[in-house]
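Visitor: I have a protein structure to look through, and I would like to learn how to read it step by step. Could you guide me?

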Amino acid sequence: MKKSILYILATAALTLTGCNDLLDKNPRDTFVNAPAFWSNVNEVESYSNGFYSFYGSASSFYFNTLNDDQANPSFANWTYRTIPNKAAAWSGRFTKIRRVNYMLDGIKTSSLSDAQKARYEAIGRLNRAWVYYELVQMYGDVQWEDKVIGDPNEEAVYGPRDDRDQVMDKVLADLDFAIANLPSNTSDKTTWGKEMALAAKSDICLYEGTFCKYRTLADNGKAPDGARAKKYLEECVKASEALMDGKFVLNEWTPGAGGKIYTVYNSLNLSNNKEVIFYDNYEKDVKAHGLCDYTSGSTTQSGLTKDAIDAFLFKDGKPLATTTLDKNDAAAANAKGNYSISHLLAVKDKRLSLLVDSIICFKSHGWIRNEPSPDGPLPAEMTAATGYTIYKYDNPQLALHYRTNTNTNYTDIPLFWYSVILLNEAEAKAELGTLTQADLNKTINLLQKRAELPDMTLEPAADPANNMGVSNLLWEIRRVRRCELMCDMDYRYWDLVRWHQLDKLDSNKYTAINRGANIANLPDKKGQNVDGNYLVGTTATRKYEAKYYLYPVPSNEIDLNAEKVKQNPGW
């Protein structure tokens, strides 16, 4: 009889990779699975450090372009368009679950104190919850494993995929255990603590609550479940409000060194940042990334789309269709021969001016970001597929070598931060129908004030662009989320999934997600890909099909157990 991936993973020798692990906490490469190992607190601590790699990193920002915010010059199509034989998205996460379960099983046999066991169990269950959350997002039903499988004849080896709702209920149980048993930790925001677990729960429960509210039997294989949605949205509120006790506050956006505004995205040190809950620490010449390089160098950028630019409100608090301010988005030639959108940025949400450059640059019209590093030289000439280059991650405090090489950047990277918690709280309460003006004032309107926009009310004016079939209030809360988190952590893609709006990524129907800057004032558009006066980020197109709500199960998994493991709908 063939063995499933669960048994193969469980019985294989466990090897952990420690190179460039998240937060620079080094896990052991190998271990001896025996009570003596699990009774040594230093060994267990080192082992658990391997779980830091389960979360995002610098590559989680800017590079995820399967959305309507960015246009990749090489085009970002659906993650899978055919059924793969094997997939790291599937097997790699089951490997992580196996790592966690080894520790959870091992500490039961150890001589650690009850308090130490509870802490390590909390760390293990927190990380198992996160990995299962990702698996359910991608695949829906998955096999739930809460122990190491040592017997090839165990039922779990050949069992069917477990119902995704049941798996998520176990995810919630794991999260609650972690929150109850991890100590509060705001002194070292690179290590496990109750606050990080609460932030993870806030994200996960918002996803689950809205997904269960908006899913359909035809597209997702399960009908909407109002009671389940309510339960998870209420859990999101509980977790969010537990973090809204004064420990964290929004940073003010004021000019720093050289007049530049430094945010959670381009800081050299997030350790004392009041907005950050949990972050990835990078160190000069020790641990580095390439995020600054790819957004300030000569590689053609995945630029912002017209659809994204149009999402930002004007300073009168009104959208493109109803503003009385100047809505001209045509780039204007300046004295240096560059094409500027400064006039547009001046009347828009401040977040936009922190996100993109004031000069558009594209094929045959490159531009050098005029912010020299401390050692003098300017970075390379830039271009973007859409003309709109990404500014928010760059830090000219870095010497040019450390700023413009792929594996030399050392700005810290936020993984959980307070603005997301405020967004989660407001959206969850709006979905529950319990949102008050006081709630808006302590969540969304704090973000609006920072963005130099008027306060939102419970009854915002209608926006003709609302194409999601939701209330004006939810539309505007979703807009704030989109603008606040643009290019961050793949939030936009999974937001569209949980809102049941994945069709918005069909570029044949929604053409503005492939368009870029308005170059009407360019005297010669020859050689440019244009749609009317707008640059076209890519000529490729992306067609929506309902099957894309779930990834296809790798064919090898079905071949191993075709009787019980079935393919996802539409594949």
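Visitor: Which helices each supply at least two residues of the lining of the largest cavity?

Guide: Please keep in mind that this is a predicted model. Among the contributors to the lining of the largest cavity, helix 14 gives the largest share, with three residues. The helices that each supply at least two residues are helix 14 (350–355) and helix 19 (472–484).

Visitor: How many residues line the largest cavity, and which lie nearest its centre?

Guide: A search of the whole structure finds eight cavities of 30 Å³ or more, and the largest cavity holds about 220 Å³ of space. Its lining is made up of ten nonpolar, four polar and six charged residues. The lining counts 20 residues, and those nearest the centre are Trp 253, Thr 263, Tyr 265, Leu 354 and Lys 392.

Visitor: How far apart are the end C-alpha atoms of residues 274–571?

Guide: In the UniProt record, an unreviewed entry, the feature "domain: RagB/SusD" is placed at residues 274–571. This span is 26% helix and 10% strand, and the distance between its end C-alpha atoms is 46 Å.

Terms used. Residues numbered from 1 in each chain as written. Predicted model: local features only at pLDDT ≥ 70, side-chain atom pairs only at ≥ 80, totals over all residues. Heavy atoms only, no water. 1 Å grid on protein atoms, 1.4 Å probe; cavity = no way out; pocket = protein on both sides within 12 Å on 5 of 7 lines; lining within 4 Å. Points joined across faces, edges and corners; volume = space filled by probe spheres on them. Helix = DSSP H or I, 4+ residues; strand = E, 2+ residues; numbered from the N terminus. Nonpolar A, V, L, I, M, F, W, Y, C, P; charged D, E, K, R; others polar. UniProt positions renumbered as here; feature names shortened; annotations may be inferred.
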